[in-house]
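Biologist: Could you take me through the aromatic rings in this model, and then through what is packed and paired elsewhere? I am new to this, so please go step by step.

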Amino acid sequence: MKIASKLLGGVALAGIYAVAGVPAAFAQVADAQELPATPSVDDDADSASIVVTGSRIRRTGADNPNPTTVVTSQTIEQSGVTEIADLVNQIPSAFVTQTNQTANLRGSAGMNTLNLRGLGADRTLVLVNGRRRVPSSPGSSVVDISALPSRLVERVEVVTGGASALYGADAVAGVANFILKKDFDGVEANARYGVSTRGDAGEVNLDLLYGKNFAGGRGNLTLFGSYLNSPDLVRGQDRPWTAGGLPLYRHLPDDTWQLTDGNRSIYDHNEAIVELGGRGNLYTFNPDGSLRRPQLGPGGILNLNDPWSNTDLSTYLTDGGEFLGRFDGYLLQVPRERVSGFGTFSYDLTDRVRFFTEGGYTHTSSRTRSQSFASYGYDYVPADSPFITPAMIAANGGPIASALPFTRRYTELGPQDTFYDRSTMQVTTGFDGTLPNILGKEWNWALSYSYGETRQKIWTRNATSADRVALALDSTVDAAGNAVCRSSLTDPANGCVALNPFLPLSQGAMDYIRYDTSRSTDVLRQHVVSGYATGELFSLPAGAVQAVLGGEYRKESNDLGVAPEFNPDSPLYDPTIGVVALPLVGKYDVKEAFGEVRIPLLKEVPFFHQLSVEGAVRFSDYSTAGSTTSWKVSGEWAPVRDLRFRSTYGQAVRAPNISELFTSSSISGAWLRDPCNYYDVEYRQTATEFTKANCAVLDPTRKNSDYYQWLDVNSRGNSELGVETAKTLTVGAVLRPRFLPHLTLSADYFDIRLRGAIDAFSAQTILEKCVDAPTLDNIFCELVERDSGNNPVSVIAQQLNLALYHTRGIDFEADYWFDLSSLGFGGNSGRISVNAAYTRLIKRENTLDPDDPNTRYEYAGVFGSPKWKGVIRTTYSNGPVTLNWNLRHFSSMQPFRTETPEKYDVLGTGDVFYNDFYAAVTVADRLTLYGGANNAFDRAPPRLPGAESGGANFEQGSSAGLYDTLGRTIYVGARLRY
């Protein structure tokens, strides 16, 4: 009953938004919404067979200079997915991004975003019916495409070339246009249940679609509601590939690297581990505090005598024993609950004017989890700590002369959970129609107004304050001989409770170091007024010259909150936590004018079945970034009817978003290395010829003592950021041979160079680049604060307009269908259709600082960026029966680009294939029963460092990514149509 009420509530809410509309508003309706779902296969087909592919100029499907991937409603249905995001992200041009398997530890859990060409989700523009979708994460421009009404989607058009001039900023990498069904009449109900074959990862999905034409077909009302619940916590210890030891490369004495498996870190242990009486002499503790030897794996400490690294307690490895798995406690997928509603209403006021409105609301709840707080060997107790026992002194062979480091997991604290509660609504309304007798031609026009709002609440449970832990570990005795925090001797009221890490934590110590946060609230509001007109200017012998003229005004405001416990202006502020953050209110607006023209030059002459050129330009004026210009030029040449060549070259720009510009200071801490310390100044491989001289000038007083130091990291926005500029090129061909009907082949080369890209340097990189520059007078040293002894105190981490991204490759696509009767089978033997889409990635190079070759990284062939990525969909259909086989392929990848056959015994993962199957049968023309399996053969992630946890792309820092971490999942469902 609870689930049904939520579903019906979503439908009702969609209806309210759809019918209510916004007073005095106007609409821009995408041409695609007016048009048939399937483009004509024949260039010379009736001109009524029209589809929009990357442009507002009306054209036949084949007549398109921009490489466009189309996902139809039939493909969506036959995939068996509940969220269209899962299907769109299989497109080869899409890279690892935020999904329910990558969101843990990433923030904004519960979202599924699209990252075209690997340039980032902020550089991919998402449209619904050709109109900008409101962002799903305040402060950014990313859109949660899993919240879109998948059952209402007629098709998805993904354009990856020249899109910025057509649709605006954020389209540097491309555009995904989700085109909804129009004039839907009937009822469609769907219920689906999925689960892994290990009995977890359960998911319930219900949706209901209702549409009604009225007034003789002049009006239509469509309502859609859906409910999804995926509550299970699938943890690292729940899968064999993440429950055991890690695969790691071991550096051998002959300077080669050997792949080893089953490695466990010493710090992954529930009790403290200490080193007493010499290097490698490890002890742990019984619950009563008595000493014992830990049970190591058969190999003992694997890297104890490793000559190639600075091996110590924090880096010791063993191959089994009583040590835990690295990913225990982490989630392999985040739980989600989502209810959404969407509605559309349209009415033809006259034969030439249509009114429409559409609205939607989505509410998503999710959470992330990290394992309990741990000490990794950098925490220590002082030499005079009352918690150092006589047994420990005896094991050490005498008094402990200096601070005693230790490792352990504080499992008593429980895991840290962060909860996300997000709601998004958007209402668009307006008019569209035709204008007669413009230059003697009929023109189409559209005007719209859209209002969108995203509201997000975030709070954390069981967080641990590193600052409080440090104070609690710095223990001594008071005058009465009681163990106390050293800080309490001078400030008895500070609340500090001494922490004995060698025993199970006392309740007082847990209460002191652990805290919960109150809810913080982020709100994004977006207003968009947009309009355009398109039609013929005049005719040439080869056809009509078509044009588009339009404009758009957009205003966005963001109110980004913080937890009151971190805000010094809040009465709930707690400085002892060690995190300082301030709320932010930021806004901007942009005025844009755009135009597009297509000129047919030749048609039906020898060697020129068709020749045309087109261009587009967009002028933008941002209140923050100033004036920008995007443009593109395209050309098409068909020497014969069967073969068409196409090319697009253009400039795309992206202005910085709210978070990049205005994010207020948030101060937290991190263990960092001073690049002028005793070890790095001699042995750091990325040091330059200037490093030693600069370090000699600084001469920090702690250079010979601490390798890692706990420093403040101040993350904040940069109001001086400018626009990014990309040059994009595509060159390709489309083949549709008449001698083999129903076959289409295409290949397109792409090259994108993004300069002045907004990117962040890590705090450690900022420290290093400060001293690696020719002088200390540089932009990076301005971000480092040092004390009177020139020791680093804090680092400002902000984004800069320095990065250079360069990616290029080739997209391939093939479509073919045939009836089995053509092969001699019976007349009712059915049809087979095959679609194959592949991308060959030639280069994906990211350079944080073009002046520093040490910041240049080539990702092609590295985890997350396979050189070959593809999907082949094969479908058999025969009346009420449909069978589908989806084959996903990733070519071999490796953890790092520096691997070579001479240095590494195992280079890559090998080719990885995933097989997904779907079967459906329709009963009595109304009821369809279906089921299927994803990763049907339960393919485990490859055993290479990083791959076993999902092939995490290291630049993203997520614990899952390209490879499937859940294993085989199965589902069953029923769909009823009236």
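Modeller: Happy to! Let's begin with a charge and a ring: Arg 831 lies over the face of Trp 817, at 3.6 Å from the ring centre. Keep in mind that we are looking at a predicted model.

Searching the whole structure gives 32 aromatic pairs. One of them joins Tyr 816 and Phe 818: the ring centres are 5.6 Å apart and the planes meet at 35°, so this pair counts as tilted, because stacked planes would have to be under 30 degrees apart and edge-to-face planes over 60. Are the two partners buried or exposed? Tyr 816 has a relative accessible area of 27%, which makes this residue partly exposed. Phe 818, at 19%, counts as buried, because the cut-off for buried is under 20%. Elsewhere, ring pairs tie Phe 214, Phe 345, Tyr 347, Phe 355 and Phe 431 together into a cluster.

Next, the packing. The largest nonpolar core has 37 residues, and those touching the most other members are Ile 84, Val 88, Leu 114, Ile 145, Val 156 and Phe 178. At least two core residues each come from helix H3 (84–88) and from strands S2 (124–128), S4 (153–159), S5 (174–180), S37 (743–760) and S40 (799–819). The largest share, four residues, is supplied by H3. Take Ile 84 as an example: beyond its neighbours within four places in sequence, Ile 84 is in contact with Ile 76, Ile 145, Ser 150, Val 153, Val 156 and Phe 178. There is also a second, separate core of 27 residues, and Phe 285, Leu 404, Val 469 and Leu 505 are among them.

Finally, the strands. Strands of a sheet pair through backbone hydrogen bonds, in a parallel or an antiparallel way. Here, three strands make an open, antiparallel sheet in the order S12-S13-S14. Its edge strands, S12 (274–275) and S14 (291–292), each pair on one side only. Two bridges connect S14 with S13 (residues 282–285), and Thr 284 stands opposite Arg 292 in S14. Another antiparallel pair is S10 (residues 246–251) with S11 (residues 257–265), joined by five bridges. Within that pair, Leu 248 has Thr 260 in S11 as its bridge partner. Five residues lie between the strands of this hairpin, where Asp 255 takes a positive phi near 65°.

How values were computed:
Residues are numbered from 1 along each chain as its sequence is written. This is a predicted model: local features need pLDDT of at least 70, side-chain atom pairs count only at pLDDT 80 or more; totals for chains, interfaces and linings use all residues. Side-chain values use heavy atoms; hydrogens and water are left out. Rings of Phe, Tyr and Trp (its six-membered ring) pair if their centres lie within 6.5 Å; planes under 30 degrees apart count as stacked, over 60 as edge-to-face and the rest as tilted. Buried means under 20% relative accessible area, exposed over 50%, partly exposed in between (1.4 Å probe, protein chains only). A charge sits over a ring if NZ of Lys or CZ of Arg is within 6 Å of the ring centre and within 35 degrees of the ring normal. Two strands pair if DSSP finds at least two bridges between them. A nonpolar core is a set of buried Ala, Val, Leu, Ile, Met, Phe, Trp, Tyr and Cys residues joined through side-chain atoms within 4.5 Å. Contact means heavy atoms within 4.5 Å.
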